[in-house]
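Visitor: Could you walk me through this one slowly? I am new to reading structures.
Guide: Gladly, let us look at it together.

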Amino acid sequence: MSRLLRLLVAVVVLMSPARAWAHAHLKRSDPAAGAHVSDSLKAIRLWFSERPEITMTLVTLTDATGRQITLGSPQSNSGEPLEV
């Protein structure tokens, strides 16, 4: 490969925008992830590593047999921006 071509490839790679990996990660929850609860829950609280985009937040709850339980839409907590 010619020196000029290598230089051109290096410039293109360095000037290309980096792919964004900005995703909020679950830090903790109440009840804890994987917990087994015997009483019905009134709320599930989740805390993330950064403010989650509520329209893109998906929460699932399953029973002991693995069947998915229907939940309401996630709601943000205005007093705690990292909590849903």
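Visitor: What pattern does the chain follow, read along the sequence?
Guide: Read along the sequence, the pattern is α-β-β-β-β, where helices (H or I, at least four residues) and strands (E, at least two) are DSSP runs numbered from the N terminus. This is a predicted model, in which local features need pLDDT of at least 70 and side-chain atom pairs count only at pLDDT 80 or more, while totals for chains, interfaces and linings use all residues. Residues are numbered from 1 along each chain as its sequence is written, and side-chain values use heavy atoms, with hydrogens and water left out.

Visitor: Okay, where is Thr 57 found?
Guide: Thr 57 sits in the loop between β2 (45-48) and β3 (61-62).

Visitor: And is Thr 57 buried or exposed?
Guide: Thr 57 is buried, because its relative accessible area is 15%, and buried means under 20%, exposed over 50% and partly exposed in between, with a 1.4 Å probe and protein chains only.

Visitor: Which residues is Thr 57 in contact with, leaving aside neighbours within four places in sequence?
Guide: Those are Pro 52, Pro 74 and Val 84, where contact means heavy atoms within 4.5 Å.

Visitor: Switching topic, is Gly 34 buried or exposed?
Guide: Gly 34 counts as exposed, because its relative accessibility is 68%, and its place is in the loop between β1 (26-30) and β2.

Visitor: How much of the whole chain is buried?
Guide: Buried residues make up 10% of the 84 residues in the chain.
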